[in-house]
Amino acid sequence: MPQPDIKTESVGTVIVAGAANLAIAVAKLVAGVISGSAAMLSEAAHSVADTTTEVLLYQALRRGARPADQRHPFGYGKESYVWAFFAAMFTFVAGAGFAVTHGVTTILVHEHSGDYLISYIVLAVSFVIESISLARALRQVRSESKRWGTTPWRFLRLTADTTVKAVFLEDSAALIGLLLAGAGVGLSHATGDEVWDGIASILIGLLLLAVAGILAGNNLSLLVGRAVPERLRHEIEQELTGLAEVERIDTLMTMQLGPEDILVAAKVDFRDEATGAAIEAAADEAERRLTRRYPEIRYVFLDPTRSLPGATGRARHTQADPDAGDEPDR
């Protein structure tokens, strides 16, 4: 079975985002210190959190792509979700925590120590740089969604590639955060009341909190062992039932072992007249069909079994999925 490689496009997306966030973090920090703006300092913390997140996501890609060995026969794909979860938690603690705390402090103290001009300049330049990084992530999302035959929005909801999802959400949040910071600085400048700057800082923190929560929940789901989306499962079932020696699929189970690794296991009722050699050939053909159509499928296990008395219809899950209705496509 072929071993996973580091996904080049995802690595490029992460590196571009990381370089952009590092440059922006330095500029925002300088502007925040000079101007004294709470929103600018919160945005600096936002960019520092995003930069650290990109480092952790790169680690996720590198560690998750290690080949299988004797102790880890299914590879290290799930380790990528561990590092991605750490990235989400860092965003929660460092980014959101600092922004909310500093915003509350600014509202209580009402202190502003410097000029607004540098804040406007840094916000404008940061917006341009973040837009370039987001465009790179969006290009990958569109490319991947086209390959899977679905919409970019559905791809983002259901993809197991948490790195591209994290970069896209963080860059989107960064642009919204810049708009909030600009509004806070502008209103404080216009009214002379620093409460607007503090409110903007708190809103930036809540925005980071929402992004961290979404990414943490997604990575936890994948760590537990999430099945592939319902549409993909149906297509796998159709490929298996299309084999000449297969009577029906009694049970079909799938699991995302990593961003580029899918496991398929099924209890298969072969035709009664099928010989042992015919069943072996059918199993080999099933693996060839599935891996040819979906390169992400790396493990296919078929268990010849008799169907339960009176069993008809589609293959069953081991347990009803309450979210299946929300996963029509991948």
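Let's start at Met-89, which sits in helix α3. Helices here are DSSP runs of H or I with at least four residues, strands are E runs of at least two, and both are numbered from the N terminus. This is a predicted model, where local features need pLDDT of at least 70, side-chain atom pairs need 80 or more, and totals for chains, interfaces and linings use all residues. Residues count from 1 along each chain as its sequence is written, and side-chain values use heavy atoms, without hydrogens or water.

Met-89 has 30% relative accessibility, so it is partly exposed, meaning between the buried limit (under 20%) and the exposed limit (over 50%), with a 1.4 Å probe and protein chains only.

Met-89 belongs to a nonpolar surface patch, whose members include Phe-92, Trp-196 and Leu-209. Together the patch residues have about 730 Å² of accessible area. Both α3 (79-109) and α7 (195-224) supply at least two patch residues. Helix α7 gives the most, with five.

Now the sheet. It is open, with three strands in the order β1-β2-β3 and mixed pairing; pairing takes at least two DSSP bridges between strands. Neighbouring strands are turned by 15° on average, direction ignored. Strand β2 (residues 261-270) runs parallel to β3, over seven bridges. Val-268 stands opposite Pro-304 in β3.

Last, helix α8 (residues 230-241). Helix α8 lies across β1, β2 and β3, at about 140° to β1. Axes are fitted to C-alpha atoms, for helices over the stretch in contact, with angles from 0 to 180 degrees between N-to-C directions; contact is heavy atoms within 4.5 Å.

Note on methods: Patch = residues over 30% accessible without salt bridge, like charges linked within 9 Å, V, L, I, M, F, W, Y side chains within 5 Å. Areas by Shrake-Rupley, 256 points an atom, 1.4 Å probe, with all protein chains shown as cover. Salt bridge = Lys/Arg side-chain N within 4 Å of Asp/Glu carboxyl O.
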